[in-house]
Number of protein chains: 2
Amino acid sequence: MRKFPDLRYLFEPRSVAVIGASRNPEKIGYRILSNIIHGGYGGEVYPVNVKGGEILGKKVYRSIEEIDNEIDLSIIAIPAPYVYDAVKSCASANVKFIIIITSGFSEIGNRKEEEKIVEFARSHGMRILGPNVFGLYSANASLNASFGPSDIMPGKIAIISQSGALGGAMIGKSAADGIGLSAIVSVGNKADLDEADLLEYFRKDKRTRVVLMYIEGVKNGEKLIKSLKAMPKDKHVVVIKSGRSKRGALAAASHTGSLAGSDEVFDGVADQCRILRAESIEEAFNWCRVLANSPIPKGDNSVIITNGGGFGVMCADACEKYNVPLLGDTNLLKKIFKDVIPEFGSFKNPIDLTGQAGPKEYMLSLEKALKTRDIDSVLALYCETGIFDSSFIRDVIVKITEEYRGKKPILFSTLGGEDMGKIVADLRKKGILIFDDVYDAASGMGALYRRKMYIEEMEHEEPAPPIEFDTEAIREIISSALKEGRTLLLANEAKKLMELVGIPVPEWRVARNLDEAIRFSEEIGYPVVLKVVSEDIVHKTDAGGVALNIEDREEVIDAYQAIMRNCKSRFPRARIRGVEVCKMVPKGIETITGCTTDRSFGPVVMFGLGGIYVEILKDVSFRAVPITLTDAKKMVRSIKSYPLLLGARGEKKRDIPAIIDTLLKLSKLMETVREISDIEINPLMVYEHGSGVMAVDVRVILGRRESP
Amino acid sequence: MRKFPDLRYLFEPRSVAVIGASRNPEKIGYRILSNIIHGGYGGEVYPVNVKGGEILGKKVYRSIEEIDNEIDLSIIAIPAPYVYDAVKSCASANVKFIIIITSGFSEIGNRKEEEKIVEFARSHGMRILGPNVFGLYSANASLNASFGPSDIMPGKIAIISQSGALGGAMIGKSAADGIGLSAIVSVGNKADLDEADLLEYFRKDKRTRVVLMYIEGVKNGEKLIKSLKAMPKDKHVVVIKSGRSKRGALAAASHTGSLAGSDEVFDGVADQCRILRAESIEEAFNWCRVLANSPIPKGDNSVIITNGGGFGVMCADACEKYNVPLLGDTNLLKKIFKDVIPEFGSFKNPIDLTGQAGPKEYMLSLEKALKTRDIDSVLALYCETGIFDSSFIRDVIVKITEEYRGKKPILFSTLGGEDMGKIVADLRKKGILIFDDVYDAASGMGALYRRKMYIEEMEHEEPAPPIEFDTEAIREIISSALKEGRTLLLANEAKKLMELVGIPVPEWRVARNLDEAIRFSEEIGYPVVLKVVSEDIVHKTDAGGVALNIEDREEVIDAYQAIMRNCKSRFPRARIRGVEVCKMVPKGIETITGCTTDRSFGPVVMFGLGGIYVEILKDVSFRAVPITLTDAKKMVRSIKSYPLLLGARGEKKRDIPAIIDTLLKLSKLMETVREISDIEINPLMVYEHGSGVMAVDVRVILGRRESP
């Protein structure tokens, strides 16, 4: 396999061929060619169509081989059955990148043909975008190689969309919203190039400041995580991951053929990669506008300035919802604003100028907020009052934005009639951060503060401490199980595995006869638990194979005999390997932790509180393997029942460092031993601070996974 | 006190006086007069100003007494110190309603003056709206008696705003959004008339279909609940209650002087009154538009039709979020849509027509959905594709809406460029239900379905069953406690009270000496709990005053003596009334229930699961007293941990009827015996279905409350 060409040739090609160029303005092959020609592209453009002739003043080549120039990018827009041959012809012309617009491949089950095409292309050093895409726009090359809208405003936001139709419509919306684009690409079936590959280009692209991704399903999550984590601090990523709901996921599957992993896992991964997950297009666009046009606030003192009390109250509510930290020092606020607040106004944050505030007071108060070092960001609200002609607000906003843009975040929100609506639409087009609703403005400010937090995290990221364990010994346990055809480890094997990794388990031995059971019980010390060891008996309690709280020798004898009798009578054919004698552990807070293999992101670690918390309240956090120390800490902190571990309700604080240690070890285990598909520790008993944790019950499932 | 005038004279006055009418166009007194005159009001208008003369062609009266006509409505817009005298002059002119625009009263602490004015007005048969308001608009009288915008579109939505500035700005926004108003009123300080009074008018007003309320704080919640519950099924109420957050509540307090009750209580009351609580103005306006312009769906089969797969996936997600029930029968969908779905389209809901769908396919599929009886509501999505000229969508939407308006809910959402934006804005003005984002459309559809559920609830409302108890006996316990200066009942008094109400408590007696303790223990049956009875020892466990799980006579003796020793040594001066002997109850699921007195809504009942559920996870439901059987059922159902009571994780179902019975009895108790301010039953042990509940620990706090 040859070295693949640099992505620059996809986004900044020197020459483009359009295979399937058409004379019919209703055809995609015409629209693409027309967009390229009229979009101001400076390179060479070659229409290709067997019919030959001329389109839009350009000579049409009958085949790509006829062109006597190197072709960096070839765009294929012909029916699916002819695509493979077209790709073959591209190889003879030394094409570097191919965009396959055509649909009708894996998204409708036609997986074989798609794989054949990709295999051929890759083995000839070519990369493919698509199939099933609307094309690509790249501001760096003034290249609009899409069949979407033709008027794209260049700017700082790159859009990667898995959905073609949605991506196309987003072009229009971005123009209407005054959002300038550095690029927009649809990845469709992701047969070859995927989001992660494209991120590589945007990571280095000077023009791009924010990347917006619309994702329905992730194919190679581990690769995506690596690309996202490699993004520098000053490039922000906003993602819409649809298919959150059951029906949405079904629809996504029939739409792009995506099989989505768990939505909770996606949330965890988003936090881990420090990207912002938006719910709706509206929210995503709002965040992108803010991130592209505002600096990150330097500190946590945000101030709301309003001429309408009620509007301010709502904004304060919204700030709480979106975690915007409001400055609360009333004395300081009084000092700053004392000259501008009228008689009935309020110095509390929100600063209420009242409806009496005219242009002068409004301007002055904004300037005071922006000039003082004590305030780090401003939410400026304006209600149309009927007292003042609202057109003044336009000038105030423009003047303030011009003067302070890039220095401090300032977001506006107004409420009023049609004229106000026109002002807002007009200012928005100028890249001014103005919003129809205070909730949108606060949400935008919240996005800035979340990125601020993430950037600080990146600056102080704590790596996982070095964890070492005897991998050979672990592999031995696994291979002996696999040799016996088992994918579920025996309880004692699982415990042994935990011991090897360094996760504490209650002291235990496997007794092969009654004498050993007695001896081990005395050695371990009462109370103990007896449990049958047999791969053929899954529900051991139901089978009468478990005896709890055994307190002395006599009870061991009774329990041992009862277990043997029960199991043999109920499962006469079961292979019984013995009885596990295990220390009965004291009660702590029951948590659940473990690992599973997500369809999208591969191995993930999970943590939550035991009992109903995980199953009913879904109070659980996930992160993809490998996790850092920072990740592990956040996993514990991010569950809603976290206060319980901190010692709510008068109880002592729990051993949180021991939980974190367990999570890090599980992550390392999953990373190193890829034969394991699932681990469940339920419960992981957590004791008071300093007293550690205990993995009481451990299940380990094997299942080979491909290395990424 | 005289009989008060009918609210018709406020909304449909035959004559209006403006006290403080001004010649200066910047003054409120000018704006109001001008709005009245230019708004098309048909009654008589009398400007009043000591300076006399003429304004806008009308003769100015020097005082209201000079006018030789009956005045139904008088609007006062003069500085606060002169308002009282103006109100007095209104009395001599037999004015029926007064709107006091002026601010500077209770909202800045000037409560006395406000009370004086109201008292005078009411004792002279006059009612006051305000002070601190922007006025009123009433479509029935073509009367714009506000200083807000002058161009108001008449329609079906009435707005009641506590915030003047916000209300004024909402007028503008309603016009821009194509929302027609039947009325808009600001209630400001609510010194006399409040939301509940105004609702009385809208309840009967034929024009009003939806009432939108902006509330910061509720003064007389019990009265508001009555008015809301009296609203007929075909009038919908949407409420924004701001001050959700701590800082928001603080801001509300300094803005309109409102002291908000608990936000969770407001949520419970909203559900109880079957009104829809919106978070933002955007959401509230969207819901109002939908409720005013769409029928309620007849059944639960909603269908999404889209030309963009990704847009459909997002809409499906949004439908799950907003509880829009999507039709899932793919065979049925195939039957309905088989003729219109192209090759690569999807029959699953969302119905995906793909980007290939042109005007004909789009129109046809909508018609199919709207014509069939199997579909009850439609979400129609359209992505601008670049293949078809999008202007066709305008005609499709207009035609479909014209034909099916009033028959079936159909909500549109589009995504596209500037031209599309213009189409949307234009259609919106025509009252067509079109939205910028699928989440907004789904939220609007969700509002329709929530009202559908509420209307069904109203039709099948189950009243509380008759509950009787010995009120005299309860009052005796209370008055003997009050006589001793106690506001906290002794544990045995609280238990007695529960017994009187019919809430099961573990069998118990108060032993005054050891002999009795032994005798009572034997009679009740082991195991028992012993607990000191003393109003002077609050933390009985800490004082060594409690002994659990006493299993025989010897243990009773030991425990009794230990309790006495501990308490006497630690609290030598405590009055010890004896030792409570109580049956030790078996373990069930621990719940917490009780009552408290909300600042806004008076007595409320609460229910939640014990332990961390209430305190940390805030998984608790409230309803205002009195509750119906329907309310009680919903209280239990609405907590997130409800599945636990249903028997999650292999456990047996719990005795939910016994919980409901307890809630109803508590409600009746709070309703009847208004001396009680708080009851806490923690835990209320809930046993398996059929085995009832047990109030293990009961605290009752007394505190006289005013009757409403």
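Which residues are exposed on the other side of H17(A)? In this predicted model, the exposed ones there are A:Glu472, A:Glu476 and A:Lys483.

Helix H17 of chain A runs over residues 471-483. The buried residues of H17(A) are A:Ala473, A:Ile474, A:Ile477, A:Ile478 and A:Ala481. Looking down the axis of H17(A), these buried residues fall within an arc of 135°, so they line one face of the helix. There's a handy bit of background for that: an α-helix has 3.6 residues a turn, so residues three or four places apart point the same way. As for what covers the buried residues of H17(A), the list includes helix H18 (491-501), helix H24 (656-672), strand S27 (676-686) and strand S29 (698-702), which belong to chain A.

The two ends of H17(A) have details of their own. At the start, a side-chain oxygen of A:Asp470 comes to within 3.2 Å of the backbone nitrogen of A:Glu472. Just after the helix, A:Gly485 takes a positive phi of about 80°.

Now for the aromatic rings. Over all chains, the count comes to 16 aromatic pairs. One of them joins A:Phe11 and A:Tyr201, which are stacked, at 4.2 Å centre to centre and with 10° between the planes. A:Phe11 lies in helix H1 (residues 8-11) of chain A and A:Tyr201 in helix H6 (residues 195-204) of chain A, so this pair ties together parts that sit 190 residues apart in sequence. A:Phe11 is buried, with a relative accessible area of 0%, and A:Tyr201 counts as buried too, at 9% relative accessibility. The rings of A:Tyr382 and A:Phe392 make another pair: their centres are 5.6 Å apart and their planes meet at 85°, so the pair is edge-to-face.

B:Lys116 lies over the face of B:Tyr84, at 4.3 Å from the ring centre. The charged end of B:Arg127 sits over the ring of B:Phe4, 4.6 Å from its centre.

Key: Residues numbered from 1 in each chain as written. Chains lettered and ligands numbered in written order. Predicted model: local features only at pLDDT ≥ 70, side-chain atom pairs only at ≥ 80, totals over all residues. Heavy atoms only, no water. Phe/Tyr/Trp six-rings, centres within 6.5 Å; stacked < 30°, edge-to-face > 60°. Helix = DSSP H or I, 4+ residues; strand = E, 2+ residues; numbered from the N terminus. Buried < 20%, exposed > 50% of the residue type's maximum accessible area, 1.4 Å probe, protein only. Lys NZ or Arg CZ within 6 Å of the ring centre and 35° of its normal. Expected span 1.5 Å × (residues − 1). Arc of directions from axis to C-beta. Contact = heavy atoms within 4.5 Å. Polar contact = N/O pair within 3.5 Å; in protein donor to acceptor, adjacent residues only side chain to side chain.
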